[in-house]
Amino acid sequence: MTEQSIWDQAWPAGLQGKRCSKEAAGEEAEHGGMIMENEDACWEALPGAFCLIRADGSERIVRYNRLLLDLYQCQTDEEFQQLTGGFFRGMMLSSAYRPLSEQVAGGRQEPQAVRYLSFEICTAATHIHRVDAYVRRIEWGELSFWSLCLVDAGR
């Protein structure tokens, strides 16, 4: 199954290909909200550095937004891929790496529980930053993902 088909399956049938469009948001965005015309606009509208990571043991990064690139001081997708290798392991200092499944184990066990992590990253400009991350495991059909929202703890 390709990543594109994962996203196609996740949206209601009438909205496939429209993603966060006027049909989904109504004719007007209320209260100054955004009307988004495509899937990329949805990711870019999220209020934080966001990424989705496969929860299948590979921890492969499958989606992220521009704010995540900014946090890592990357100008392009290619630069971010080179910096991280395309995996969660590459998003933090290697000495601190532990698999996400181990880091979020314990604590509240309710479905959809949000966990909190804090770790150090090395940006493309070789700056070290401490980030805070909110993590939730989500299921899409037979596939599982980690949803992460990261914030620079020093700002």
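Q73 counts as partly exposed because its relative accessibility is 26%; here buried means under 20% relative accessible area, exposed over 50%, and partly exposed in between (1.4 Å probe, protein chains only). Q73 sits in the loop between α4 and α5. Helices (H or I, at least four residues) and strands (E, at least two) are DSSP runs, numbered from the N terminus. The phi of Q73 is near 55°, which is a positive value in a residue other than glycine.

A quick note on what you're looking at: this is a predicted model, where local features need pLDDT of at least 70 and side-chain atom pairs count only at pLDDT 80 or more, while totals for chains, interfaces and linings use all residues. Residues are numbered from 1 along each chain as its sequence is written, and side-chain values use heavy atoms, with hydrogens and water left out.

## T123, the partner of Q73

What joins the side chains of T123 and Q73? A polar contact of 2.5 Å does. Such a contact is a pair of N or O atoms within 3.5 Å; within protein, one must be able to donate a hydrogen and the other to accept it, and residues adjacent in sequence count only if both atoms are side-chain atoms.

T123 belongs to the loop between β3 (114-122) and β4 (128-140). With a relative accessibility of 1%, T123 counts as buried. Leaving aside residues up to four places away in sequence, T123 touches L71, Y72, Q73, L83 and H129, where contact means heavy atoms within 4.5 Å. T123 and F80 are 43 residues apart in sequence, yet their C-alpha atoms are 9.2 Å apart in space.

The loop between β3 and β4 also holds T126. T126 counts as exposed, at 61% relative accessibility. Its phi is positive too, about 60°, although T126 is not a glycine.

## The sheet

Now for the strands. There are 5 of them in an open sheet, ordered β2-β1-β5-β4-β3, with antiparallel pairing; two strands pair if DSSP finds at least two bridges between them. At the edges are β2 and β3, each pairing on one side only. From one strand to the next, the twist averages 30°.

β1 and β2 pair in the antiparallel sense over 3 bridges. I53 has I61 in β2 as its bridge partner. Helix α5 (residues 77-84) packs on the sheet and touches β2 and β3, its direction making about 140° with that of β2. For these angles, axes are lines fitted to C-alpha atoms, for helices over the stretch in contact, and the values run from 0 to 180 degrees between N-to-C directions.

## The nonpolar cores

A nonpolar core is a set of buried Ala, Val, Leu, Ile, Met, Phe, Trp, Tyr and Cys residues joined through side-chain atoms within 4.5 Å. The largest one here has 27 residues, and L68, Y72, F119 and L150 have the most contacts inside it. Elements giving two or more residues to this core are β1 (49-54), β2 (61-64), α4 (66-71), β3, β4 and β5 (143-152). Another core, of 7 residues, lies apart from it and includes L52, V62, L143 and F145.

Which residues does L150 touch, not counting those up to four places away in sequence? They are A49, C51, L68, L71, Y72, M91, F119, V131, D132 and A133.

Q103 lies in helix α6 (residues 100-103). Q103 is buried, with a relative accessible area of 18%. Beyond residues up to four places away in sequence, Q103 touches F88, M92, R98 and L117.
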